[in-house]
Amino acid sequence: MDRWLALRDRLLASRSFQRRAAAFAPTAPIAHKRAGELFDLVAGFVYSQVLLACVQLRLFDALAEGPQTLEALSGRLALPGESTERLMAAAVALRLVERRGDGRFGLGSLGAPMVGNTAIAAMVEHHAALYADLADPVALLRGQRAASSLARYWPYADEASPGELSVASVAGYSALMSASQPLVADEILDAYPLDGHRCLLDVGGGEGGFLASAALRAPALQLMLFDLPAVVERARARRDAAGLTHRMQLFGGSFLTDRLPEGADVASLVRVIHDHDDATALHILRAVRRALPAGGTLLLAEPMAGTPGAEAMGDAYFGFYLLAMGRGRPRSAAALRSMLLAAGFDRVRQVKTRMPLQTGLLIAHVGIASAAAKGV
Ligand SMILES: CC(C)=CCC/C(C)=C/CC/C(C)=C/C=C/C(C)=C/C=C/C=C(C)/C=C/C=C(C)/C=C/C=C(C)/C=C/CC(C)(C)O
Ligand SMILES: C[S@@+](CC[C@H](N)C(=O)[O-])C[C@H]1O[C@@H](n2cnc3c(N)ncnc32)[C@H](O)[C@@H]1O
């Protein structure tokens with residue numbers, strides 16, 4: 001096998017093989033496709049910055065009102081005519097924008113889903129911090145990074161006593177998570193409706209967006225939120241504004257040091273475990289297991305490594321994102337399953353979500369034996 005692969009590698013690396021493959025009709029489409037894929041890897045950052053310009057200039061909202069001429073767009077975006085033309089050409093090439101009749105521009109097939117999508121727009125805008133850290137990826141991999149913009153953005157990742165973080169320091173990431181939470185919540189709740197449960201404890205539940213979505217779908221469900229005290233302060237305002245004051249109990253603390261509140265029959269960890277290294281992740285899972293009764297259920301939802309069709313999202317995007325953040329790693333469903341078993345859960349199963357790019361989902365239960373060993 002190794003010999004065949006070595007031969008394949010030598011052929012693919014050979015400049016003359018590449019040229020002949022590109023010229024030979026049956027192999028030309030493959031050669032062109034590979035060259036295009038490699039070019040996209042080389043140029044990906046530039047494409048991202050074209051998208052960032054569109055988002056910052058609110059281009060998609062402008063085009064949602066209807067196709068517009070270059071002159072109109074130039075005024076609307078406050079850009080010189082030539083720059084508008086350059087941006088439109090780039091955006092057309094990336095299918096964010098489409099040329100329409102009479103020299104007008106409209107939404108492209110990848111720009112249309114961006115209209116009103118504050119979640120993706122917020123992700124695009126916060127990438128400034130990520131890309132600043134990724135400017136020298138080798139230094140990052142060698143652990144020689146001096147200062148980290150992303151670690152400042154996610155201060156709990158770098159903080160010995162996260163329970164003492166200020167409300168101001170958690171504002172940026174809490175708002176980003178709230179903006180993107182509805183997409184994630186819909187995926188989870190479509191895959192695992194919560195009607196059969198009595199009370200849901202969302203651990204690291206941020207401003208309570210997931211609980212609010214669950215409340216809408218399961219009107220009898222009681223809600224409990226656990227997060228850092230500063231985040232819980234932000235959740236309080238949202239909860240009261242949503243009319244959930246009497247349905248949602250708030251608990252401020254750190255799952256690294258404090259016990260989780262008991263009383264729920266189902267708990268959730270949404271986009272939490274991948275933030276932490278193995279020992280801490282296991283500690284959190286054990287804390288959740290202790291908070292649940294025998295037969296209790298855990299929903300573990302986050303983007304997962306090795307997701308078929310979205311491999312780059314897990315290992316490349318989140319792998320390097322979390323490296324820059326300074327803690328955690330994306331894990332495969334199989335790795336998470338092993339951790340859940342090690343933490344005392346059983347009957348772990350993966351439930352398919354429609355858009356695994358947003359989140360994967362594992363369901364686990366507290367067995368009778370492990371509930372008896374609650375103190376462990
Ligand atoms: C007849 C017609 C018109 C069409 C037929 C063809 C057809 C069916 C077309 C489909 C059209 C359609 C419905 C398109 C839909 C597109 C969608 C839903 C696109 C969604 C894209 C989502 C994206 C790009 C999500 C990106 C998410 C990111 C980058 C998340 C980052 C998360 C981070 C950084 C989380 C950090 C938390 C931490 C720190 C790791 O814990
Ligand atoms: C990536 S966010 C996910 C938030 C929310 N579950 C969501 O999906 O939108 C991780 C959450 O874990 C919380 N968190 C981090 N460290 C914590 C700790 N030691 N104790 C409690 N919560 C913590 C953060 O404040 C944040 O709200």
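1. Strands in this note are DSSP runs of E with at least two residues, numbered from the N terminus, and helices are runs of H or I with at least four. The model under discussion is predicted. By that convention Arg347 belongs to strand E9, which spans residues 345–350. Although Arg347 is not a glycine, its phi is positive, at about 45°. Arg347 counts as partly exposed because it has 13 C-beta neighbours inside 10 Å.

2. Most residues other than glycine have a negative phi. Asp102, also not a glycine, has a positive phi near 60°. Asp102 sits in the loop that links strand E2 (97–99) to strand E3 (104–107). Asp102 is classed as exposed because 6 C-beta neighbours lie inside 10 Å.

3. On the overall layout, the chain divides into domain 1, residues 2–114, and domain 2, residues 119–372. Their C-alpha centres are 34 Å apart. Five residues of domain 1 and five residues of domain 2 make up the contact. On the side of domain 1 that touches domain 2, four residues are nonpolar, one is polar and none is charged.

4. The unreviewed UniProt entry annotates residues 40–120 as "domain: O-methyltransferase dimerisation". In the model, this stretch is 58% helix and 11% strand, and its end C-alpha atoms are separated by 20 Å.

5. Which residues have the most contacts inside the largest nonpolar core? They are Leu200, Val288 and Leu300, in a core of 61 residues. Beyond its neighbours within four places in sequence, Val288 contacts Val203, Leu260, Ala267, Leu269 and Leu298. Another core, of 16 residues, lies apart from the largest one and includes Phe60, Leu87, Met88 and Leu96.

6. Leu51 lies in helix H3, residues 28–56. Is Leu51 buried or exposed? Leu51 counts as buried, because 23 C-beta neighbours fall inside 10 Å, against a threshold of 20 or more. Leaving out residues up to four places away in sequence, Leu51 touches Leu96 and Val124. Between Leu51 and Asp9 the separation is 42 residues in sequence and 35 Å in space, C-alpha to C-alpha.

7. Around ligand 1 the model places Pro113, Ile120, Met123, Trp154, Arg271, His274, Asp275, Tyr321 and Met325. Helix H7 (118–133) and helix H14 (311–325) each contribute at least two residues to this shell. By class, the shell comprises six nonpolar residues, one polar residue and two charged residues.

Technical notes:
Residues numbered from 1 in each chain as written. Chains lettered and ligands numbered in written order. Predicted model: local features only at pLDDT ≥ 70, side-chain atom pairs only at ≥ 80, totals over all residues. Core = buried A, V, L, I, M, F, W, Y, C linked by C-beta atoms within 7 Å. Buried ≥ 20, exposed ≤ 12 C-beta atoms within 10 Å, placed from the backbone. Contact = placed C-beta atoms within 7 Å. Domains from an automatic or database assignment. Nonpolar A, V, L, I, M, F, W, Y, C, P; charged D, E, K, R; others polar. Near = placed C-beta within 6 Å. UniProt positions renumbered as here; feature names shortened; annotations may be inferred.
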